[in-house]
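The sequence and the model are shown first, and the description follows.

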Amino acid sequence: MKNFILILILCFTATTYFSQYKTKEAGVNLYNFRNYGVHYKVGDGTSMWRVRLMTWRLENESDEIQMPENKSLNISFAIGREKRKELAPNFYFVKGLELFSYYTYQGQTWLNSGNNSNINIGVGLAGVVGFRYSINDKFYTGAELIPSLSYNTNKFSGRSVSNLNLSFGSTALLSFGFNF
C-alpha cells in the first residue's frame, strides 16, 4: 500500500510539473526503416523533454520441416532533453541528449538439437542531431541521427559477456506526429 501511495504522489507531482508547459507532442517513429515506436514531448517549444516510450520488433518464423523456429524481440526506452533553433519558418535544427536502455532477445529452436538463445541488455547515453518541419499548427515531421555510447551485457546460450560499445550514426529516426 505504501508503494502505491508513493507512486501516486510521484505521478501527481510529475503531472503538475509538466502541466506548466505549453507545447505537447506525440507521434510515431520509424527506426532504420525496420523498427517502430512512439514518442511524447513536452516543453515550451524551444526546449523539450522527450520520451521514446517503446520501440519494438517482434518476429516469429517457423518452417516445421527443415528450418528452426526463430523468435526475436527488441524493446527500448529513452528519456532526454532537446533544444530547437529555428532556421527558417517552420523548419528547426534539433540537438540534445538522451539516456536509454534496451532489451533484445533472439532464439532458435531446432526440432532435434535443442535451443540457442541470445539475450542482450544495455544502457547508455545518446546524442540527438536532426531537423524538424512543422507542416501546420497540428502536424510535424522530423529526421534525426542518434549516435550513442552504450554498455551492454550479452548472454548467449548460458555464457555471459559484458562490453562497452561506441557507435556513431548507428540509428536514423524518422518521426511523424501532432501537437496538442
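Leaving aside neighbours within four places in sequence, Val 94 is in contact (heavy atoms within 4.5 Å) with Glu 82, Lys 83, Arg 84, Val 128, Val 129, Gly 130, Phe 131, Arg 132 and Glu 144. Val 94 belongs to strand S5. Helices (H or I, at least four residues) and strands (E, at least two) are DSSP runs, numbered from the N terminus. Val 94 is buried, because its relative accessible area is 2%; buried means under 20%, exposed over 50% and partly exposed in between, with a 1.4 Å probe and protein chains only. Val 94 and Arg 132 are 38 residues apart along the chain, and their C-alpha atoms are separated by 6.9 Å.

This is a predicted model, in which local features need pLDDT of at least 70 and side-chain atom pairs count only at pLDDT 80 or more, while totals for chains, interfaces and linings use all residues. Residues are numbered from 1 along each chain as its sequence is written, and side-chain values use heavy atoms, with hydrogens and water left out.

**Overall picture**

Of its 180 residues, 32% are buried. Among contacts with a separation of 6 or more, 53% are between residues 24 or more positions apart. The average pLDDT, the predictor's confidence in each residue on a scale from 0 to 100, is 81, and 73% of the residues score at least 70. Where pLDDT is low, the predicted coordinates should not be read in detail.

**Strand pairing**

Two strands pair if DSSP finds at least two bridges between them.

| Strands | Bridges | Direction |
|---|---|---|
| S1 and S2 (residues 35–43) | Nine | antiparallel |
| S1 and S10 | Seven | antiparallel |
| S7 and S10 | Seven | antiparallel |

Ala 26 stands opposite Tyr 40 in S2, and its bridge partner in S10 is Phe 178. Gly 142 has Ser 175 as its bridge partner in S10. S1 and S2 form a hairpin with three residues between them, and Asn 32 in the turn has a positive phi of about 50°.

In a regular strand the side chains alternate between the two faces of the sheet. Strand S10 (residues 172–179) has a covered face, formed by Leu 173, Ser 175, Gly 177 and Asn 179, and an uncovered face, formed by Ala 172, Leu 174, Phe 176 and Phe 178.

Asn 29 lies in strand S1 (residues 23–31). Asn 29 is buried, because its relative accessible area is 4%. The side chain of Asn 29 makes a polar contact with the side chain of His 39 at 2.7 Å; such a contact is a pair of N or O atoms within 3.5 Å, where within protein one must be able to donate a hydrogen and the other to accept it, and residues adjacent in sequence count only if both atoms are side-chain atoms. Not counting residues up to four places away in sequence, Asn 29 touches several residues, including Arg 52, Leu 173, Leu 174 and Ser 175.

Most residues other than glycine have a negative phi. Asn 90, although not a glycine, has a positive phi of about 70°. Asn 90 is found in the loop between strand S4 (69–88) and S5, and counts as partly exposed at 35% relative accessibility.

**Aromatic rings**

Rings of Phe, Tyr and Trp (its six-membered ring) pair if their centres lie within 6.5 Å; planes under 30 degrees apart count as stacked, over 60 as edge-to-face and the rest as tilted. The whole structure holds five aromatic pairs. Phe 93 and Phe 131 form an edge-to-face pair, 5.8 Å centre to centre with 65° between the planes. This pair links distant parts of the chain, with Phe 93 in strand S5 (residues 91–110) and Phe 131 in strand S6 (residues 114–134), 38 residues apart. Phe 93 is partly exposed at 27% relative accessible area, and Phe 131 is partly exposed at 41%.

The rings of Phe 100 and Tyr 102 are stacked, because their centres are 6.1 Å apart and their planes are at 15°. Phe 100 is buried at 14% relative accessible area, and Tyr 102 is buried at 17%. Ring pairs also link Tyr 40, Phe 178 and Phe 180 into a cluster.
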